[in-house]
Every structure is written in structure tokens, then in C-alpha cells.
Amino acid sequence: MRAERKHGAWRENRDRFGLHACSPRERSFEDGEHKARSLDTVAGCDVYVVHSLHGGPDQSPNDKLCRLLFFIGALKDAGATNVTAITPYLCYARKDRRTKANDPVTIRYLASLFEALGTSRIVTLDVHNEAAFENAFRCPSVALTTAPLLIGKIRSIAGDGPISVVSPDLGGGKRADVLREALENALQRPIGKAFVEKHRSSGRVSGDLFAGEVTDALCVVVDDLISSGGTLVRAAKATRAHGAKNVIACVAHGLFMPGAETALADASIDRIIATDTVPPFRLAPGPVLAKLEVISAAPLLAEAIKRLHQGEPLADLLMYQA
């Protein structure tokens with residue numbers, strides 16, 4: 001957990017703004033309880049707390065969430081004017097609707113917890129469903145896109161060849177469009193797009209339809225996260241079957257749950273690009289780790305914090321501004 005006053009961000013980016021990072025003091029007790037407080041005076045300050053809420057290797061998402069919420073409460077009690085929670089990976093964001101009778105809508109309950117502690121704003125990266133994310137929170141919410149981080153990398157891989165951005169399901173179409181339009185603006189040439197049909201029910205995935213032009217193109221399969229890897233491999237195989245020359249998978253969050261090392265070793269995916277919102281600690285050395293490239297999300301988060309603090313627009317950094 002990092003608490004940073006004004007417009008600092010992660011350690012590697014704080015010097016660009018000439019400010020130091022404020023570190024909290026945490027203490028754990030024998031029964032598993034804990035407390036955290038700021039060692040710096042925060043009264044009258046805008047405070048930004050950076051804390052990614054993924055599970056493991058030492059704490060569960062629930063542990064990290066509880067620590068973050070209590071720390072926000074402590075900051076407000078200490079007189080902070082505003083507290084912005086920067087959660088690069090937001091736990092429970094995938095549970096945004098009811099799929100069965102009496103299902104919870106957990107992201108809404110999560111929002112209520114942040115609001116109850118007085119959180120002024122929440123910022124995250126590539127949420128599962130940006131509309132559900134925004135509707136869940138009554139305090140201001142910001143959903144950043146990884147597109148600015150990916151453009152240079154995709155350009156260097158593709159060269160002057162054709163590029164097509166592929167959504168592995170219809171629900172991710174907006175995310176794919178954000179990246180495709182960002183690439184078109186940066187490269188000043190047309191970028192193709194494609195969609196793969198996907199239906200999930202009781203753990204089974206089906207759907208055979210494919211729409212789009214990918215022949216002889218570098219295909220960029222983009223999604224919010226990798227869990228077991230099955231969705232990305234399924235999309236990669238479909239693009240290969242329709243004539244793709246190369247396939248890279250680009251995600252914000254690499255969870256790499258059990259089964260991912262086997263699935264993603266498939267030759268249909270040439271490279272995997274993920275940000276460091278979730279370190280790839282679950283991957284052992286092998287073919288998947290060898291084709292994985294982790295890029296830092298810190299520059300994007302630092303830029304967002306700077307603009308928020310200075311009241312500057314975020315339009316080019318947001319998922320919904322395609």
C-alpha cells in the first residue's frame with residue numbers, strides 16, 4: 001500500500017513530479033487483525049492511495065481490501081480533504097450482474113464500502129464492464145484504458161504490416177474499439193477489427209461465429225484479464241483459422257490461474273503482453289513465461305493522478321472515450 005500526497009504515483013514515477021512518496025505504518029496483531037496510519041501530516045491535503053487488490057501470494061483480495069478501506073478511514077479521520085483510491089486491479093469487478101436467481105451484485109456492495117469510508121474518488125485500470133463500474137459508484141469513478149501503454153509496443157511488433165484488433169467476445173467490443181481507434185490515431189492508417197462469438201453457461205463455453213477481416217494481419221486479441229487463458233486461446237485459434245499471420249494477446253491484468261500455463265503454451269498465441277497491476281507470480285519458468293512481456297502501468301497512473309490533481313481532462317486515458 002502506498003499513500004501519496006498531491007500528484008505522486010508509484011516509486012519509479014514519483015521523481016518526475018518532484019515529490020516524495022508517503023509510506024504508512026502498518027502493524028499486525030497475533031489474531032490476524034491490523035492497523036495502519038500515515039506517518040506524514042495529511043490534514044488539508046489531497047491524498048492518493050495506490051493499492052492493487054489482487055489475491056496472493058501473501059494476502060487474499062479480502063485482506064487487501066480491508067486494509068485499504070481502514071487506511072482510507074484513518075486518512076479521513078486525520079483530516080485529509082480528499083482521498084482517492086487508486087486500485088489498478090479492482091477485486092470483485094467481474095461480479096457486476098445477476099446471472100442466476102438470488103445472485104449478488106458484488107461490485108455494488110464494494111462501492112458502498114468505499115463510499116461509507118468517505119472515499120472521494122476511485123481510479124482503476126481496464127475494468128471488466130465500465131458501464132457497470134460507473135453505475136455502481138456514487139462517488140466519482142475513473143476507468144483508465146491500457147491503450148496508451150500498448151500503442152508503441154504493437155507498432156514495433158507490426159511494423160508497416162496490417163493490424164487487426166480482435167475482441168474475444170461481443171462484450172469486449174468497446175474495449176477493442178478503444179484500442180483500435182487509438183492505434184489508428186497514432187499510426188495514421190486503417191486498423192481492422194474482428195469479433196469472436198462466445199457464450200458461457202455453467203462453466204461451458206460455446207459459439208462458432210467469427211466476424212472481421214484478419215487475413216495476413218498481426219492480430220491483437222485484447223481483453224481485460226487472463227484467468228485460465230481459455231478465452232484468449234479460443235480467440236487466437238479462430239483468428240488463425242481465418243488467415244491471421246501472427247497473434248499477440250494484450251491484457252491489463254495477468255492473473256494466470258491454474259490451467260493457464262497449459263492453455264497459453266498453445267502455439268496459436270505468439271506473444272502475451274500484460275501490465276504489472278498483477279505480478280506474474282503464479283507462472284513458473286516455461287513456455288508461457290518465455291513469451292510474456294510485462295509492461296509498467298505506473299506512467300499511465302502517474303499521468304492520471306497528475307491530471308486529476310491539477311484539474312486537467314482525462315478524455316484520452318478513459319475506456320469510454322473512444
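**Strand pairing and surroundings**

Reply: Ala194 has Gly212, a residue of strand E12, as its bridge partner. This is a predicted model, in which local features need pLDDT of at least 70 and side-chain atom pairs count only at pLDDT 80 or more, while totals for chains, interfaces and linings use all residues. Residues are numbered from 1 along each chain as its sequence is written, and side-chain values use heavy atoms, with hydrogens and water left out.

Strand E9 (residues 192-196) pairs with E12 in the antiparallel sense, over three bridges. Two strands count as paired if DSSP finds at least two bridges between them. The labels are DSSP runs numbered from the N terminus: helices (H or I) have at least four residues and strands (E) at least two.

Where do E9 and E12 sit in the sheet? The order is E12-E9-E8-E13-E14-E15-E16, seven strands in an open sheet with mixed pairing. At the edges are E12 (210-212) and E16 (292-295), each of which pairs on one side only. On average, neighbouring strands of this sheet are turned by 20 degrees against each other, direction ignored.

Helix H5 (residues 147-158) lies across several strands of the sheet, namely E8 (163-167), E13 (218-226), E14 (246-254), E15 (271-275) and E16. H5 runs at about 165 degrees to E15. Such angles run from 0 to 180 degrees between N-to-C directions, and the axes are lines fitted to C-alpha atoms, for helices over the stretch in contact. Contact means heavy atoms within 4.5 Å.

The loop between E14 and helix H8 (260-263) contains Phe256. Phi of Phe256 is near 50 degrees, which is positive although the residue is not glycine. Phe256 counts as buried because its relative accessibility is 3%. Buried means under 20% relative accessible area, exposed over 50%, and partly exposed in between (1.4 Å probe, protein chains only).

Another positive phi, near 65 degrees, belongs to Asn102, again a residue other than glycine. Asn102 is in the loop between E5 and H3. Is Asn102 buried or exposed? With a relative accessible area of 78%, Asn102 is exposed.

Strand E5 (residues 82-87) pairs in the parallel sense with E4, over five bridges. In that pairing, Asp46 stands opposite Asn82 of E5. E4 (residues 46-50) is largely enclosed by the rest of the structure, because four of its five residues are buried. Between E4 and H2 is a loop that holds Pro57, and the peptide bond from Gly56 to Pro57 is cis, with omega near -5 degrees.

Helix H2 (residues 61-77) packs against helix H3 (residues 106-116) at an angle of about 30 degrees, and their axes are 9 Å apart. H2 is therefore roughly parallel to H3. Angles under 35 degrees count as roughly parallel, over 145 as roughly antiparallel, 65 to 115 as roughly perpendicular and the rest as oblique. From H2, Leu65, Leu68, Leu69 and Ile72 meet Leu110, Leu113 and Phe114 of H3. The residues of this contact are seven nonpolar, no polar and no charged. Here Ala, Val, Leu, Ile, Met, Phe, Trp, Tyr, Cys and Pro count as nonpolar, Asp, Glu, Lys and Arg as charged, and the others, Gly among them, as polar.

As for cysteines, Cys66 is partly exposed at 29% relative accessibility, whereas Cys139 is buried at 10%. The structure holds zero disulfides, a disulfide being a pair of cysteine sulfur atoms within 2.5 Å.
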